Amino acid sequence: MTETIHMLRASAIILALLAWIALPVAAQTGTVEEILVHGHALEGNLDGNDVERSVFVYLPPSYSASPDRHYPVAYLLHGYGLRAARWMTLFDVEGAANRAFAALDTTREMIVVSPSTYTIYDGSMYSNSVTAGNWEDFIADDLVAYIDSHYRTIVDRMSRGLAGHSMGGYGTMRIGMKRPDVFSALYPMAACCMMEWGEPSEALATAGTYKTREDVVALRYPNKGQFARAAAWSPNPSRPPFFADLPMEDGVARPEIQAKWIANSIIPMLGQYTRNLQKYTAIQFDVGTEDNLITVNNQLDAAMTEAGIAHIYLTFPGDHNNKVSERIEQHVLPFFAEHLAFE
C-alpha cells in the first residue's frame, strides 16, 4: 500500500514537471528609459524652444544580460503635433519593438531611440533655423553623440538607421540627404512636404491677421502648421514677434518666400543631394493607399528612380495613422535588422 502511494506521488510529480515543461515560454521584453538630452544646436533659438529634450530609449531584451555586447541604433522621428511620449503610446512603439525582436534572431536586436521635437508651433520640421533651432544638427550631432557616449552602441554610420512618420518621414529624408556621414539606412513612413510652396489657402490667408505668439499657440492644425513651416523654412530675425516670413501677406502671394519653401521641399532637394543618397546601403519608404499623401509619395518614387537612387517603395491598405505600429514591427525594424551592421 505504501509503495503504491509513493508510486502515485512520483507519477503526479512527473506529470506536473512535464506539464510545466510544456508551458509556452513568455517572450522576453525590452525596457524603455526616458532621458533628457541637451541640445547644443538649439541654444539661442528665437522661439524659446526648450533646449533640454525628452528622449525615449528602448533597450532590447538582451541588453542588461549581455554587458559586453554593443548594438546598432534605429532612430525613429515622430510626426507633427506629437511629443515623443505621445508617439510612444499612440503607436505602441515599445510593443512593436518587442514583437519585432521576438520574431527575429536575438543577434539582430538593436537600440531604438525616439526624441521629442515638439515646439511652440507643434513641430520642428527637423530643419535648421535661427528661429526654431537647428534641429538637423540636434538629431545628427547632439543626439547621436549622447546615445553613443551613454549606451553600448556600435559607433559607426553603418550601424545607424533613421526612420520617421509623416513630418518625421520628411525629417528622415531631409537629414538623410545631408548626413550620410552619420546614417547608412533610411525608412521614411508616409512622408510629408514633398512640394511645399505656400499655396494660397484659408490657413495662409488668415495667418497674417495674428499679432502675438500667444494667438498662434492657441491655434490648431492646419493654421498653426503654417507658422511651424515659416519658423523652419523662412526665418527672419528682424521681424518680431514671429521672427519669420509667411508666403502670403495681406492676401498677396510673396514669390520670394514661396521660393524658400520650395527649396526646403523633398523633391526639389533631391537634385542637390542625389550623390549623398546614393551612399546609403538601403532606402525604403511606404504609404497607405488611403493616405492623402500617396500622390506625393508616388512622385517621390518617380523622382528617385529618375535620379538613379536605389530604393524600395511599398504601399499598403490603410490611411495615414492606422498601421504605424504594425509597419514599425513588421517592416521598419526588420528592414534595419537586415541592413545595419551588427557585431
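This is a predicted model: local features need pLDDT of at least 70, side-chain atom pairs count only at pLDDT 80 or more; totals for chains, interfaces and linings use all residues.
The largest pocket holds about 780 Å³ of space, and its lining is made up of 30 residues, among which Cys192, Glu196, Tyr221, Arg229 and Leu293 lie nearest the centre of the pocket. Sorted by class, this lining comprises 17 nonpolar residues, 10 polar residues and 3 charged residues.

For the second largest pocket the volume is about 350 Å³, and 21 residues form its lining, with Gly208, Arg239, Phe242, Leu246 and Glu249 lying nearest its centre. Two or more of these lining residues come from each of the elements α6 (202-207), α8 (223-233) and β9 (248-249), and α6 gives the most, with 3 residues. The class division in the lining of the second largest pocket is 12 nonpolar, 3 polar and 6 charged.

The structure contains 1 cavity of 30 Å³ or more, and the volume of the largest cavity is about 50 Å³. This cavity is lined by 13 residues, of which His165, Ala190, Asp286, Phe316 and His320 are the closest to its centre. The elements that contribute two or more residues to the lining of the largest cavity are the strand β11 (282-288) and the helix α12 (324-339). In terms of class, the lining of the largest cavity divides into 5 nonpolar, 4 polar and 4 charged residues.

The next feature is the way in which two helices pack. Two packed helices are described by the angle between their axes and the distance between the axes. Helix α4, covering residues 135-150, packs against helix α5, covering residues 167-178, at an angle of about 70 degrees and with the axes 10 Å apart. Because angles of 65 to 115 degrees count as roughly perpendicular, α4 is roughly perpendicular to α5. The crossing in which α4 passes α5 is right-handed. On the side of α4 the contact is made by Glu136, Ile139 and Ala140, and on the side of α5 by Arg174, Ile175 and Lys178. The residues of this contact between α4 and α5 divide into 3 nonpolar and 3 charged, with no polar residues.

Finally, some details of the backbone deserve attention, beginning with the cis peptide bonds. The bond from tyrosine 221 to proline 222 is cis, with omega near 10 degrees, and proline 222 lies in the loop between α7 (213-217) and α8.

Aspartate 92 is situated in the loop between α2 (84-90) and α3 (93-103).

Note on methods:
Residues are numbered from 1 along each chain as its sequence is written. Side-chain values use heavy atoms; hydrogens and water are left out. On a 1 Å grid over the protein atoms alone, a cavity is a set of points where a 1.4 Å probe fits but cannot get out, and a pocket is an open set with protein on both sides within 12 Å along at least five of seven lines; lining residues have an atom within 4 Å of a point. Grid points are joined across faces, edges and corners, and a volume is the space filled by probe spheres set on the points. Ala, Val, Leu, Ile, Met, Phe, Trp, Tyr, Cys and Pro count as nonpolar, Asp, Glu, Lys and Arg as charged, and the others, Gly among them, as polar. Helices (H or I, at least four residues) and strands (E, at least two) are DSSP runs, numbered from the N terminus. Axes are lines fitted to C-alpha atoms, for helices over the stretch in contact, and angles run from 0 to 180 degrees between N-to-C directions. Angles under 35 degrees count as roughly parallel, over 145 as roughly antiparallel, 65 to 115 as roughly perpendicular and the rest as oblique. A crossing is left-handed if the near helix is turned anticlockwise from the far one by less than a right angle, and right-handed if clockwise. Contact means heavy atoms within 4.5 Å.
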